[in-house]
Amino acid sequence: RFSKQGDHVVTRFTPGENHQGPPGVMHGGLVTTLADEIAAWTVVALKGRFGFTVALEARLSRAVRTGVEVVGRGRIDSETSRFTKVAVDLQQAGATCFKGTFTFAILDEAGAEKVIGGPLPEAWKKFAR
């Protein structure tokens, strides 16, 4: 679940054993996936649009432990008519574990349909630029 809090989108997630790579540690790819989801929902919640991730820069500064709640925050860092950059951070027990910037291409309906290879679902059309 994601909530809008001012100029941020926030979520809370507790990784389980099925999310681990090394014992007791969340797999780095899944940490990045969580951050990408936060970034995507930041675009939806704050811009009323959706986009496709086209680039990311990430730094995992400490291990994300399983069984301990993660608090994730996303905010719009910059934007143009075609691209939106979202800054994301993940914290666990008050310490920053992840910081990243995700760049999204904001497409119109035709562009989105080209990417997904078919018609855009009706519920998504309102988020196309």
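This is a predicted model: local features need pLDDT of at least 70, side-chain atom pairs count only at pLDDT 80 or more; totals for chains, interfaces and linings use all residues.
Six strands form an open sheet in which the pairing is antiparallel. Their order across the sheet is β1-β2-β4-β5-β6-β3. The edge positions are taken by β1, residues 2–5, and β3, residues 52–60. Each of these two strands has a single partner, so one side of each is left without a neighbour in the sheet. From one strand to the next, the twist averages 25°.

## Strand β6 and its partners

Strand β6 covers residues 95–105 and pairs with β3 in the antiparallel sense. Eight bridges join β3 and β6, and among the residues concerned, Thr53 has Phe104 of β6 as its bridge partner.

Strand β6 also pairs with strand β5, residues 83–92, again in the antiparallel sense, over 10 bridges. Phe83 has Ala105 of β6 as its bridge partner. The hairpin of β5 and β6 has two residues between the strands, and Ala93 in this hairpin takes a positive phi near 55°.

Of the 11 residues of β6, eight are buried, so this strand is largely enclosed by the rest of the structure.

## Val86 in strand β5

Val86 belongs to strand β5. Its relative accessible area is 0%, and Val86 is therefore buried, the cut-off for that class being under 20%. Leaving aside neighbours within four places in sequence, Val86 is in contact with Ala39, Thr42 and Val43, with Gly74, Arg75, Ile76 and Asp77, and with Gly100, Thr101, Phe102 and Phe104.

A separation of 19 Å lies between the C-alpha atoms of Val86 and Phe13, two residues that are 73 residues apart along the chain.

## The largest pocket

The largest pocket has a volume of about 220 Å³. Its lining consists of Glu37, Ala40, Trp41, Val43, Val44, Phe50, Gly51, Phe52, Phe104, Ala123, Trp124 and Phe127. By class, this lining has 10 nonpolar residues, one polar residue and one charged residue. Helix α1, residues 28–47, gives the most to the lining, with five residues. Phe104, a lining residue of this pocket, is also the bridge partner of Thr53 and a contact of Val86.

## Lys47 in helix α1

Lys47 is located in helix α1. Not counting residues up to four places away in sequence, Lys47 touches Thr42, Ile76 and Glu79. Thr42 and Ile76 are also among the contacts of Val86.

Between Lys47 and Leu90 there is a distance of 21 Å in space, C-alpha to C-alpha, and these two residues are 43 residues apart in sequence.

Thr66 is placed in the loop between β3 and β4, the latter strand covering residues 70–79. Its relative accessibility of 18% is under the 20% cut-off, so Thr66 counts as buried. Residues up to four places away in sequence being left out, Thr66 touches Pro15, Gly16, Gln20, Gly24, Val25 and Met26.

Definitions and conventions. Residues are numbered from 1 along each chain as its sequence is written. Side-chain values use heavy atoms; hydrogens and water are left out. Two strands pair if DSSP finds at least two bridges between them. Helices (H or I, at least four residues) and strands (E, at least two) are DSSP runs, numbered from the N terminus. Axes are lines fitted to C-alpha atoms, for helices over the stretch in contact, and angles run from 0 to 180 degrees between N-to-C directions. Buried means under 20% relative accessible area, exposed over 50%, partly exposed in between (1.4 Å probe, protein chains only). Contact means heavy atoms within 4.5 Å. On a 1 Å grid over the protein atoms alone, a cavity is a set of points where a 1.4 Å probe fits but cannot get out, and a pocket is an open set with protein on both sides within 12 Å along at least five of seven lines; lining residues have an atom within 4 Å of a point. Grid points are joined across faces, edges and corners, and a volume is the space filled by probe spheres set on the points. Ala, Val, Leu, Ile, Met, Phe, Trp, Tyr, Cys and Pro count as nonpolar, Asp, Glu, Lys and Arg as charged, and the others, Gly among them, as polar.
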